[in-house]
Number of protein chains: 6
Amino acid sequence: MRIKIINPNTSKATTDAIAATARRYARAGTEIVTVSPISGPLAIDNYYDEVTASVGVMEEIKKGLQEKFDGFIIACFTDPALRASREVSNVPVVGIGEASMLIACTIAHKFSILSMPKSSAASMQELLIRNGLESRCASIRLIDVPVSEIGNNLNETRKLLLHEALEAMKNGAEAILLGCAGLTGLDKEFEKELGIPTIDGVVAAVKLVECLYDYGLRTSKALTYRIPKSLQSDQLPRHV
Amino acid sequence: MRIKIINPNTSKATTDAIAATARRYARAGTEIVTVSPISGPLAIDNYYDEVTASVGVMEEIKKGLQEKFDGFIIACFTDPALRASREVSNVPVVGIGEASMLIACTIAHKFSILSMPKSSAASMQELLIRNGLESRCASIRLIDVPVSEIGNNLNETRKLLLHEALEAMKNGAEAILLGCAGLTGLDKEFEKELGIPTIDGVVAAVKLVECLYDYGLRTSKALTYRIPKSLQSDQLPRHV
Amino acid sequence: MRIKIINPNTSKATTDAIAATARRYARAGTEIVTVSPISGPLAIDNYYDEVTASVGVMEEIKKGLQEKFDGFIIACFTDPALRASREVSNVPVVGIGEASMLIACTIAHKFSILSMPKSSAASMQELLIRNGLESRCASIRLIDVPVSEIGNNLNETRKLLLHEALEAMKNGAEAILLGCAGLTGLDKEFEKELGIPTIDGVVAAVKLVECLYDYGLRTSKALTYRIPKSLQSDQLPRHV
Amino acid sequence: MRIKIINPNTSKATTDAIAATARRYARAGTEIVTVSPISGPLAIDNYYDEVTASVGVMEEIKKGLQEKFDGFIIACFTDPALRASREVSNVPVVGIGEASMLIACTIAHKFSILSMPKSSAASMQELLIRNGLESRCASIRLIDVPVSEIGNNLNETRKLLLHEALEAMKNGAEAILLGCAGLTGLDKEFEKELGIPTIDGVVAAVKLVECLYDYGLRTSKALTYRIPKSLQSDQLPRHV
Amino acid sequence: MRIKIINPNTSKATTDAIAATARRYARAGTEIVTVSPISGPLAIDNYYDEVTASVGVMEEIKKGLQEKFDGFIIACFTDPALRASREVSNVPVVGIGEASMLIACTIAHKFSILSMPKSSAASMQELLIRNGLESRCASIRLIDVPVSEIGNNLNETRKLLLHEALEAMKNGAEAILLGCAGLTGLDKEFEKELGIPTIDGVVAAVKLVECLYDYGLRTSKALTYRIPKSLQSDQLPRHV
Amino acid sequence: MRIKIINPNTSKATTDAIAATARRYARAGTEIVTVSPISGPLAIDNYYDEVTASVGVMEEIKKGLQEKFDGFIIACFTDPALRASREVSNVPVVGIGEASMLIACTIAHKFSILSMPKSSAASMQELLIRNGLESRCASIRLIDVPVSEIGNNLNETRKLLLHEALEAMKNGAEAILLGCAGLTGLDKEFEKELGIPTIDGVVAAVKLVECLYDYGLRTSKALTYRIPKSLQSDQLPRHV
């Protein structure tokens, strides 16, 4: 099967890191393609960046349908444009935020989300509510560093995040979700450090898309995700 | 004071209808300017249209700051790009969905939302949750007509909507919210027909922006609506 | 238009302070009349005081209808007798607790309530639930001083309240609501001190009643607020 | 032990019916005294009646403390002035709405409330929320007859109520609560007719007050129900 | 009347302590019989122990029906097998967790649960949700001692529990629930120490079963608690 | 990898059907072993059956650990003994109810559960709450046939279920969950008939266990799922 992973920001370093993670865990037979939109924000730190990035995501989904991918992943933890993508697409689309949470539910009673910056609390809260999973979240732990700067001093970022994770564990966290695609690849290192399962949404999403493909499940077009009327004239390929 | 009302879709007829409503209820001394984005969907029927329209809304907010408006209104009931606009702007931004609900709370224990198409149920539900007002909503009543077609046969649309409103009233609706900017101007006619308060979000939003201006309140920049880092270089005017 | 503001307690100092605030923000053309009931508690510190005060509020509403006011405000943050007043009245009635919260929703994602005494936590919680706005409240911060004593040492009270507000801000408060009519007038001073919007419910309520008047909205008599049967014989004027 | 049951309305017929029910189920050794306030509404149909009745309830509680009762019952299903009474009293106070629901929880997964008039839906909903028991309520079934008129044609009222109860049972009701003191005494007749447990709040409250007395439990004065400051000067007897 | 109290664990010391408590508060005329299952865990510390203990509880309920008891009590705070017991039994079954919470609701706005070990947080949370009473719980305070070891150093356990109770009181606890049958008998001592009502579930359950017996209420067989099909052939006595 | 699927009831026909489904969707390299407990109920229709079946589930989990399985599935939709199994096991355990819901969340905004008998409504509701997914469920549609009898007249059962599914779709269902292991294998037939995704929990669980294995995730032992103290002496193999 072929999965297209869309990194909604335009940081090539992040796109490459996502590709490395996805390929490490994809099954033999799963081809991974990663892209970022041609234009858009370098990092997604707030609602404004999300608006800008969403347009790019939609373009990549539409291109991807013509390229006949079997599934899509939106690789930003707040799952920008996920619902719109599900309307447009006739094959599964999974967000890494959603995927992290769903997988966490099978191995922990309560999880905590580790992310940045502090101002994204409302956005993270909405992600939980949109997915209906507030009661499964022990806490949202945020460090006050912009996403675009986490790479500047990765050692310091790591230290700050581990500190928050330990605080989360004192208050009921039984699994940790890496709440930003920019943290991809840190899961096993954190798991070792913390002693509790740590989930990288890129992996969770790749595995879920493989699941859906194996089972032959596609997004329901019954109500919420009907194909947009404004798209019908676009004559997108419908290889359903 | 000067209010810029952004109709997120590109239907000139709708923009004109919004302008007429707003001017009818604006106070002497309130100047109303209405715009739609240069490009974007003709109507907002789904999440995909919302993504496209949101970019245009952001452009108009940014232009509006340079034009030194005292407040903004986003004239689409699901309040697209409202949070992003609040980040960018240093003067109040109000959405017509939000405004309708807040005003309804002062005159009714429970309100119902009247809108279209049926597939927008999830989006309307999210609007309620985002605003924390699920418990105040008796029902969401949707007719299965695309927003872009409500004008084609306005008599039929009116009849279908009134039917839904009467059903809502049997199940606890004490006020009706016109859940689409395309219905602007029907409030008093519906109120007369139904015998219960009917709210046009355009009016509600104009009155609320006037309130905020009179009181000298501006969007809190403390956390959720901090000015986006990616915008700081844009050197937007800050006439705070 | 003419607004009657009912201070449910019998403290003349508070009634005068409320009048001063209301007049400062009322539009030209809005006449403000403030009253307190003939008898009742000097301050509302608990449910018992609320019961006593509620009778006085009802009397003032009934008198106010004969005096042909265009709207009423109940100037106590827990909104005593608000629902009963809406049943009796045929023009809008707004409570300052409700008004503060609704206005706050347009400028902040989460607000905190600043009030007293500590034993009023349950009552404040109920105010939130009755309005359906628990999810918009970051915290209720209470100092353990009886309402009747806040004037005894206003400097100390101010200091204690500012301390609580700063704690609230560390935990997500983006706007502060002054949770007691006895604090009227402190809004702009606190706003300056704290750096985030601070809302005085008296102002919020005056502006909302003006809104409702401009828009021609009245309390829905469809269900919850039907005119009480036991009142129908009283032959109250119905200038609807 | 001695229990004072306060019928918050002034209908002597209702007070007598309450007394008959209470005495039928009180244990040997439990003395029942029933009263209604000197003045107040003949029936409690809405929030306005509740305000008026509440003052009378408080007077009777205060008198009852001097008469050294061991417990109080407020015999109106929406539990008017219950919280204020708990502040004032140093012995247990139980409302019949609350008591019905708590007892129902031990014998049924979900109960339904049977009451009148239709406009009391909001008030019943609040009763559930105040007690935290929304999730245990299958439905609130209301007939549109004012409380004051249920005795006019009791046969018709009974028929209407039984019809609603049967509808409730089709939608998950496993026990029926008689949602009005005016229905006292109909429990066993309804139980026989419907085949499911039917609860008369007067009985439930008498049995709960006996429980609390046997166990030596009194209302917590730790926070919510502290003795009102405004009462402390009244020198009520404190036979704690 | 005759009540059978089932201690789901096999600790004879606990069964004896439960018997002593129950007899101290039972009315003259109430006969108390206490048992533990023949086999099962010595203490219930987790879900695994609960599964094992539940089978024993069911056996004792079935025996108890043949012994013609008038009511049953399950004396473990998480109420293991309570729902299954209600299906099987034709007389009331009450759990001590449920009973503690329901009784607490009549004397306090918010209660806290005091128990052990720390890993039982999820189980306690479920108890609250199953009963619909999350909003009445101020906090769950757990010490990290296994139930089986609380007797080893009772003085230390007491000290740890009192410390947690004081912390709970600082955060809104107005009554304390002893969250484990192994703590039976400590209620009045804790109440004296803490100054707020402290509830022993064994007492609460005995008093509630007496209530239900006096009122002639039995578990509803309408839906959730229908007699299991797989039991119908067992020809259990049905002395309904 | 090797997965042990435990059918908690003792119906060989059901166990065989589960095996057939699991093998159809398992990946090459996944070995499926299916068992039922030696004794227990023939079908799980109620809480009583669940208690009996749970003991058998625990025995099979413990045996399975000695047999060195890489993951377990509990194949009954209400997920009996799932939490206890997670305590005992050191490899992933997934329930088919949980798995169905989590997978459904990736392809539909709202799902409906199709099951039987009517009395299991409370149990299904608890399943949703325990998983935190009430807001994702459009409806629980139950037919009043005991689980043990669905095979007696499969055509009739199918017809009744399809009727309920169509009703669910009129009220917002976008995917259908087969809410009973006894319905395994009907998914694709129903999907074709209904036109919306239909999920068989056995498939969903197999795919999720494969995911967890691929990713190397194990149940968190941090808090809720700590290894039971009462088991530690049993010297179960710990091939972690």
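## How the axes are drawn

Axes here are lines fitted to C-alpha atoms, taken for helices over the stretch in contact, with angles run from 0 to 180 degrees between N-to-C directions. Keep in mind that this is a predicted model. Two packed helices are described by the angle between their axes and the distance between the axes.

## α1 and α8 in chain B

Let's start with chain B. Helix α1 (residues 12-25) and helix α8 (residues 201-215) of chain B have axes that come within 9 Å and cross at roughly 45°. That angle is why α1(B) counts as oblique to α8(B). As for handedness, the crossing of α1(B) and α8(B) is right-handed.

Which residues in α1(B) and α8(B) meet? On the α1(B) side you'll find B:I18, B:T21, B:A22 and B:Y25, and they meet B:V202, B:V203, B:V206 and B:K207 of α8(B). Sorted by class, the contact of α1(B) with α8(B) has six nonpolar residues, one polar and one charged.

## α6 and α7 in chain F

Now over to chain F. The axes of helix α6 (residues 154-170) and helix α7 (residues 187-194) of chain F come within 11 Å, with a crossing at roughly 50°. So α6(F) is oblique to α7(F), and the crossing of α6(F) and α7(F) is right-handed.

What does α6(F) bring to its contact with α7(F)? It supplies F:L162, F:A165 and F:M169, which meet F:F190, F:E193 and F:L194 in α7(F). Split by class, the residues of the contact of α6(F) with α7(F) come out as five nonpolar, no polar and one charged.

Methods. Residues numbered from 1 in each chain as written. Chains lettered and ligands numbered in written order. Predicted model: local features only at pLDDT ≥ 70, side-chain atom pairs only at ≥ 80, totals over all residues. Helix = DSSP H or I, 4+ residues; strand = E, 2+ residues; numbered from the N terminus. Parallel < 35°, antiparallel > 145°, perpendicular 65-115°, else oblique. Left-handed = near helix turned anticlockwise from the far one by under 90°. Contact = placed C-beta atoms within 7 Å. Nonpolar A, V, L, I, M, F, W, Y, C, P; charged D, E, K, R; others polar.
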